[in-house]
Amino acid sequence: MKNLFEIASGTTAGKDHRFSGKNNQDAVYSRITDDFIVGVVCDGCGSSKHSEVGAKIGCRLILQAVADQLHRSGQLQLKRVQNDILAELYVIAKSMGDSLSEVVTDYFLFTTVGVVISDSVASFFSLGDGIIIVNGEITQIGPFPNNEPPYLAYGIVHSSLQDTSPELLQFQINRHIPIGELNSFLIGSDGAVDINRVSNRTLPGKTELVGLISQFWESDRFFNNPDNVNRRFRLINEDHMRPNWETRRVFTESGLLSDDTTILVGRRKRQEKGEV
């Protein structure tokens, strides 16, 4: 896979979270080997106290469980991955003491969007809201009723979804595509949806437009230096202060992304498509 595809990722804290003193509650991890690519984005529940902890732990656990499974059998079995992750999360949450439901609610509520690319097929999966883009075709997952997405950890503690919509508490395959047909892909937290919504606005303090989300797989710069995704997010979402010397006041132009925004993007290497 290293010879076929290149990947990059980035994340930024939403301006609403910054203003309220919250951390970035998203997480992203990926692994690319000769045999497969695995990428996972997790988004912690905004109303929980410390959900960035669970998002980061869960993201790593999911990636490792999928990678181990691919090493063992070469097949993706999401039900087994889910059961393994829930068992590990249960042990961690239980060992933290206090009420299990309180610990889970405070630390381990997060949504998941993932991609697995093997030698024959690319599979995109999710549990909760987010965004998946395959060859430029956008699939938005959510929003859910009452802005209450399902969370993987509801498999540990009771949720009303277990009674009303238990299927939402299982990993869902959103898209399968033969690897020969895959040219570009992007998975992201639900905050990434806003990139296209602000695409025609100028970057804070600049004259350059934000641009469409497609820039992240179309432009070489994001793969030549993977940190350029984070740099672009900083330009889109930083607050710019502009002094007015006549009035002796400072005006602040706020960042454009309200929610935490995280993406993992990939594309087929240029030489593999016969391009110079």
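Leu152 touches Ile62, Gln82, Ile85, Leu86, Leu89, Phe110, Leu127 and Phe171, leaving out residues up to four places away in sequence; contact here means heavy atoms within 4.5 Å. The structure is a predicted model, in which local features need pLDDT of at least 70 and side-chain atom pairs count only at pLDDT 80 or more, while totals for chains, interfaces and linings use all residues. Residues are numbered from 1 along each chain as its sequence is written, and side-chain values use heavy atoms, with hydrogens and water left out.

Leu152 also belongs to the residues with the most contacts inside the largest nonpolar core, alongside Ile62, Ile85, Leu89, Val104 and Phe171. This core has 39 residues; a nonpolar core is a set of buried Ala, Val, Leu, Ile, Met, Phe, Trp, Tyr and Cys residues joined through side-chain atoms within 4.5 Å. Buried stands for under 20% relative accessible area, exposed for over 50%, and partly exposed for values in between (1.4 Å probe, protein chains only). At least two core residues each come from strand E3 (37–44), helix H2 (51–73), helix H3 (78–95), helix H4 (100–107), strand E4 (110–117) and strand E5 (121–127). Helices (H or I, at least four residues) and strands (E, at least two) are DSSP runs, numbered from the N terminus. H2 gives the largest share of the core, nine residues. A second, separate core has 22 residues, among them Ala192, Ile195, Val198 and Val229. In soluble globular proteins, nonpolar side chains tend to be buried together.

Helix H2 also holds Leu63, which counts as buried because its relative accessibility is 2%. Beyond its neighbours within four places in sequence, Leu63 is in contact with Tyr29, Ser30, Arg31, Val38 and Val40.

Helix H9 (residues 228–237) is largely enclosed by the rest of the structure, because seven of its ten residues are buried. These are Asn228, Val229, Asn230, Arg232, Phe233, Ile236 and Asn237. They pack against strand E1 (5–12), helix H1 (15–19), helix H6 (193–197), helix H7 (215–218), helix H8 (221–224) and strand E12 (261–268). Phe233 is also joined through ring pairs to Phe216 and Phe222 in a cluster.

Across the whole structure, six aromatic pairs are found. Rings of Phe, Tyr and Trp (its six-membered ring) pair if their centres lie within 6.5 Å, and planes under 30 degrees apart count as stacked, over 60 as edge-to-face and the rest as tilted. One of the pairs, Tyr107 with Phe108, is tilted, at 6.3 Å centre to centre and 45 degrees between the planes. Tyr107 is partly exposed at 24% relative accessibility, whereas Phe108 is buried at 2%.

Turning to the chain overall, there are nine helices and twelve strands. Of the 276 residues, 49% are buried. Residues 24 or more positions apart account for 68% of the contacts with a separation of 6 or more. The C-alpha atoms fill a box of roughly 65 × 55 × 30 Å along the principal axes.
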